[in-house]
Amino acid sequence: MSDKTHNNGASTPFSPSELPVNPCVVRKYYQHLAHQHSNVIPKQFSELNCSDSTIVKCVLALQSFNFASTQFDMKGLAYEEVVRNTFDKGDHQQFFTPPHIVDFIVSACQPYIKGDVCDPASGTGGFLSSIARHQINYSSLTSIEIDERLSWVSGINMLLNGAKNIRTVFLPSGGTLGEQAKQFFSCFDTIITNPPFGSDFTEPDVLETFELGSGKSSRRRGILFIERCHALLRENGTLAIILDEGVLNLSHATDVRQFMIKNFDLKAVISLPETAFMPYATVSASILIMSKKTSTDSNCSVFFAKADKVGRKTSGDEDIRYGNDGKSYLNSDLPSILNAWHKYLKEGQTHESENIYIDDIYSNFIKKNNGYRIDFQYHHPSRKKSQELIASCIYPLKRLADICTERNVSVIPCKELSGVIIRYTGLANIQSNTGRFEQDPTPADSLKSSVKMYQPGDIVFAKMRPNLRKVVLMSFAEPGFVSSECSVFTVKQEPDGKYLIDPLILSVLLRSDFVYGQIMHLVAGIGRPRINSKELLQVMIPLPPKNIQEEIHLRYLSQHQKVENLKSDIGSFLNRSQLMLTSSVQELVSSFIGSPKTTSPMPIENKQMVFTPENLRIFLKGESNPLDTLSWLTNFFLPEVVKRLNETDVRRRLGIYTGEKIPENERNLTDVRNRVSLIIEYELARLATRILEDHEIEDIFWSYVVANRFPDLEVRTSSGSRGLRVEVKCLQTIAEEKSANFDTLRKDIHPLTDFLIVFAWDWRYDPEDVTWDRAPFIHHAYAFHASSLALLRDWYWLNCPPNDLGNGLQGFDLRYAVNCKDGRYNEEEGNYGKLLRIWQEGFKYEPPESDLVRRTITDYLAFKNGVIKAGLDTLAHLFLPGLSGTTEVVAVLYENERVGWQSGEVCFLLSSAVSTQKKQNLVLSQLTVSKVYLLTDKYAWREFEYKKGKLTLKRTGKKPKRLIQANKIP
């Protein structure tokens, strides 16, 4: 206002001057302006009550700007910024409308703004100031407020934005809802407002004057404002109002919606996200544009839109993005909605989408039990589409309640499970739309509220915000707990034990548009919209015959696997591109300093280089390409680990001492092997961490993976980011059936960072060194690129089905390799993933070639041959002395390759190494033996008498321990 005076040629205390600022002059000048604009500045605020020092600081700050050269927009925006930070939340529970939503509503209403315009809950005057700033034609602007300070602020705001013919009205007794407001009935052509909908109005005498308040002890202010705005409007007047979602969809507001349908023509409903008024309120609200009716006829079509983003973060800060030209813009759906709205007004139609549509809501009101709902979800086309699909379904339809039972087992962990670590899946642990979830080990004491129990195979449906489609089949082997905001369903079984419907397929159906279209109109609530279990159980589910269900199941799994493969390939390409970029930078640096070109991040030939802190970080963080990482693991890291594992101080912790005996029955023997394998895995993690400590590396560490089946160990940085990941397998070399399995599906393997490490071990009898009877000894450690090994495994398995499968099928579901035989769907428990059956040399069906695949084939065949021969070596040294009566055991060679062992006149030969009669004769002709044992790769054996160049079969056995009765047979 001072600037206006300056523009008229008069000097003001804010004019640039070399004289010091005089606070008294400023105070008198403000009093002069307050008197001049007494219709805007109340007497209460006509004097400056701040200190002299504050006045001086303000004047000096303002003198540095030349407001004469700016437009009103600049001064208005600057003032609004001060006001916004001061008055964002009022004492009457008002949450003032963010500026970008204000401008959106004003722009949307521009075709309707005319004549006398009012905001009956004006706050700081944002709507009215925006109308002035956009230079929209009007006759007058009126703000009505219950708070005198805000009334004063709104007047100044309008003035600074160039408003003409303004009026500020302070109504202390109830504000617009009080008796004083009746003098303004039928006085306005347009009303734009955001009434306070977070508090109740409780004055009984005033409530009785409202149709929507009569007979009630209290009513929400926002509801009463709807009726009062109707009274303030002239005939055909337009109302734009923000209402909480509950007014549009909850049963307690049915009478409110009936009032609106009866008295207004609804033109638009624009749903806002919960973040719209953050950080002060988490509330779903909608903008309604409607006109006051003059007859009982209604406009048939209503414009519906839903904004997922409105340019405001949950912190309340603006959500800003930047375009290619460097210009900033708000991350908001409102501009596109505004364009669609104006197209609809101009052409009567618009481009419809998931979030924008046009519907005749009044035809829906003819149907019973709809509660006159006018929210975005209820009238959405998806609902109609679901109804059409149900009507056209050729299969029987069953309610969800008919095919599932709800598991309602609730506990309060901190009270009932105190001190226990439970498997918990919160809403944040369930991904939207994907069916993926996590089981998070959680201290029960940290969960203060009720949770629900689930069992493996149950289906969990997140009832809160069901539009996120958080529906999962709980595929973990162990039971756990989920948020109480979820429903837990168990599929019913038929008398023969078969499910009425496959749980996996049902979980997919429950997160589909087909189901969401059935329930979206049932979703209700203000802050956190949800659906209740009772309504969810009424969802209709088609029930095709079992053979059709199985076909659908297999097609879905096939498509899902293609998606996962594609995602894996995309990830692999992205990783490769990043590696190429990194390599190109390193090559550029090398060229500039005159060093030889390298194609890998570092020369891996020099062990001292490998075990520097910098280079350890490169490999362990997963920053090298997989081929180099594989070479590093194989040639440097694992040999160091094996050396340390075989040191006495490690082995003595695993030793079997005098008086202890390993059980000989297969089940207990397997338990011992599993225990040894687990201990080796622990020791690997410990020794790998020790290597980091030896090199004073503190920012990365080895971590156990407890939440998933794969991998066993992973490298983590102190910030929590993930690096190298390894799955650990251990094989006792003399085990007749190498039972360790690598059955992780390829979709769960990261192609850049994931590796498989296999330790080949056996008991070694060396009591002369330590007083144990025996202790595990690591013969060798093998490393594989996990994704490539999984590719070989799947390629071989799918192209080499077991004989008993017949005409059955093999494939994968989301968790396991599966087969379908004789109409039964089972997890594959046979050959899939057994470490010595992953690939065969010379197999005619080869996967697509790559450096990693070729390397993996070579490494795998060397591993397979090495493990089998290591087992033969151990068996030979165990049994040959007892069979021959001679302690000396020497190798049997064929073309410089070890094919067996000899002790005295007895020898062991590996059948696969002397696979033909010719080879056997050549080998035996060089030996002086009378007894020959041919052993298979699984160490099943055949005993032959060898006499005069001929082999005569004497006996056979499947297990090496049947060769001889000895005390030292493992």
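The model is predicted, so local features need pLDDT of at least 70 and side-chain atom pairs count only at pLDDT 80 or more, while totals for chains, interfaces and linings use all residues. Residues are numbered from 1 along each chain as its sequence is written, and side-chain values use heavy atoms, with hydrogens and water left out.

**Overall make-up**

- The protein has 28 helices and 39 strands; helices (H or I, at least four residues) and strands (E, at least two) are DSSP runs, numbered from the N terminus.
- Of the 970 residues, 52% are buried, where buried means under 20% relative accessible area, exposed over 50%, and partly exposed in between (1.4 Å probe, protein chains only).
- Among contacts with a separation of 6 or more, 67% join residues 24 or more positions apart; contact means heavy atoms within 4.5 Å.
- The accessible surface is about 46400 Å², and carbon and sulfur atoms supply 51% of it; areas come from the Shrake-Rupley method with a 1.4 Å probe, and for residues only the protein chains shown count as cover.

**Helices α5 and α6**

- Helix α5 (residues 99–109) and α6 have axes that come within 9 Å and cross at roughly 60 degrees. Axes are lines fitted to C-alpha atoms, for helices over the stretch in contact, and angles run from 0 to 180 degrees between N-to-C directions.
- The two helices are therefore oblique to each other; angles under 35 degrees count as roughly parallel, over 145 as roughly antiparallel, 65 to 115 as roughly perpendicular and the rest as oblique.
- The crossing of α5 and α6 is right-handed. A crossing is left-handed if the near helix is turned anticlockwise from the far one by less than a right angle, and right-handed if clockwise.
- From α5, V102, D103, I105 and V106 take part in the contact, and from α6, G126, F127, S130, I131 and R133.
- By class, the residues of this contact are five nonpolar, two polar and two charged. Ala, Val, Leu, Ile, Met, Phe, Trp, Tyr, Cys and Pro count as nonpolar, Asp, Glu, Lys and Arg as charged, and the others, Gly among them, as polar.

**Helices α22 and α23**

- Helix α22 (residues 613–620) packs against helix α23 (residues 626–645) at an angle of about 120 degrees, with the axes 10 Å apart. That makes α22 oblique to α23.
- α22 passes α23 in a left-handed crossing.
- L616, F619 and L620 of α22 meet D628, T629 and W632 of α23. The contact has four nonpolar, one polar and one charged residues.
- Buried residues in α22 are N615, L616, I618, F619 and L620.
- Just after α22, G622 has a positive phi of about 75 degrees.

**Loop residues**

- N137 lies in the loop between α6 (126–133) and β2 (140–145) and is exposed, with a relative accessible area of 67%.
- Apart from neighbours within four places in sequence, N137 contacts I113 and K114. The C-alpha atoms of N137 and D116, 21 residues apart along the chain, are separated by 10.0 Å.
- Most residues other than glycine have a negative phi.
- R465 is not a glycine, yet has a positive phi of about 50 degrees. R465 sits in the loop between β20 (459–462) and β21 (471–473) and is partly exposed, at 24% relative accessible area.
- Y939, also not a glycine, has a positive phi of about 70 degrees. The loop between β37 (931–935) and β38 (941–947) holds Y939, which is buried at 0% relative accessibility.
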